[in-house]
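This report covers a sheet and a metal site. The sequence and the structure are shown first.

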Amino acid sequence: MLAELLDIFFPPVCPLCEGGIAEGLFCKACSEGLSSQKILGPKCGVCGTPFVSASSPDHTCGVCQTQKMPFVNFRSALAYNGAVVEAIHSFKYGGKVILGRPLGQLLAESINLPVTPDLIIPVPLHKKRLRTRGFNQALLLAREVSRRLGARVDYTNLKRLKNTAQQVKLKTDERRENVKGAFALKRPGDVKGRAVLLIDDVYTTGATMMECSKVLKKAGAEVHALTLARTVKV
Ligand SMILES: [Zn+2]
Ligand SMILES: [Zn+2]
């Protein structure tokens, strides 16, 4: 009753474009824009890279056949293109914290993990960055996934020690160098022998995700990695 009355006086607005919403998390246009970027086709069973040919079944890609990945598997819900770029930009840099919930729900709906994680760990921000941004986007996404999976979020164990230069501005090899030794666990014993779901907003070159996964794996965790979006070669 109260919810219905509120809807009459304050009709729900789309958190992305502020247009009206009839149903769902976003308005029809934004919803379609985001859904059109869903990663659905065949992909590598380990790193999640989508294959160009839509007819080939899921298999292990060339990279994962030759290199040992620090995670058991890595998945992303959306391709980092079009409406997804806009949404993530206004969430992270435009101060639209309100987007955390619907984007997190979108991520939570899309996951299909082989195991239920014991713990969910968001990729941390350095405390200086956290102070300027005011929130950690990965933690807001992790909270929605936690609601869905029923696994606890631990955002105090994994720490970012170095206030690294923003990855966006760097080339691939510079990114890898930039994050080397940037992360550490305060309580490594907490992740030992545990299935950990590591969450971030975007995967571009993978440098951050790889580095965090390595730290967790070294402490004895079984790492499953998840991001809302990833860059996809077209
Ligand atoms: Zn909209
Ligand atoms: Zn792969």
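In this predicted model, 5 strands make up an open sheet with parallel pairing, and their order is β1-β7-β6-β2-β3. At the edges lie β1 and β3, each of which pairs on one side only. Strand β2 pairs with β3 in the parallel sense over 2 bridges. Within this pairing, L119 has R152 in β3 as its bridge partner. Helix α5 packs on the sheet and touches β1, β6 and β7. The direction of helix α5 makes about 125° with that of β7.

The residue ranges of the elements named so far are listed here.

| Element | Residues |
|---|---|
| Strand β1 | 73-79 |
| Helix α5 | 100-110 |
| Strand β2 | 119-122 |
| Strand β3 | 152-153 |
| Strand β6 | 195-203 |
| Strand β7 | 222-230 |

The other topic is the metal site. The zinc ion (ligand 2) is coordinated by the SG atoms of C44, C47, C61 and C64, at 2.2 to 2.4 Å. Along the chain, the donors follow the spacing C-x2-C-x13-C-x2-C. C47 and C61 are both buried.

Why is the arrangement around the zinc ion (ligand 2) tetrahedral? The 4 donor atoms subtend angles of 105 to 113°, and four donors count as tetrahedral if all angles lie between 85 and 135 degrees. For comparison, the ideal angle for four tetrahedral donors at a metal is 109.5 degrees.

Conventions. Residues are numbered from 1 along each chain as its sequence is written. Chains are lettered from A and ligands numbered from 1 in the order in which they are written. This is a predicted model: local features need pLDDT of at least 70, side-chain atom pairs count only at pLDDT 80 or more; totals for chains, interfaces and linings use all residues. Side-chain values use heavy atoms; hydrogens and water are left out. Donors are N, O and S atoms within 2.8 Å of the metal (3.2 Å for Na, K and Ca); water is not among the atoms, so sites may look incomplete. Four donors count as tetrahedral if all angles lie between 85 and 135 degrees; four count as square planar and six as octahedral if opposite donors are over 155 degrees apart and all others between 65 and 115; anything else is irregular. Buried means under 20% relative accessible area, exposed over 50%, partly exposed in between (1.4 Å probe, protein chains only). Two strands pair if DSSP finds at least two bridges between them. Helices (H or I, at least four residues) and strands (E, at least two) are DSSP runs, numbered from the N terminus. Contact means heavy atoms within 4.5 Å. Axes are lines fitted to C-alpha atoms, for helices over the stretch in contact, and angles run from 0 to 180 degrees between N-to-C directions.
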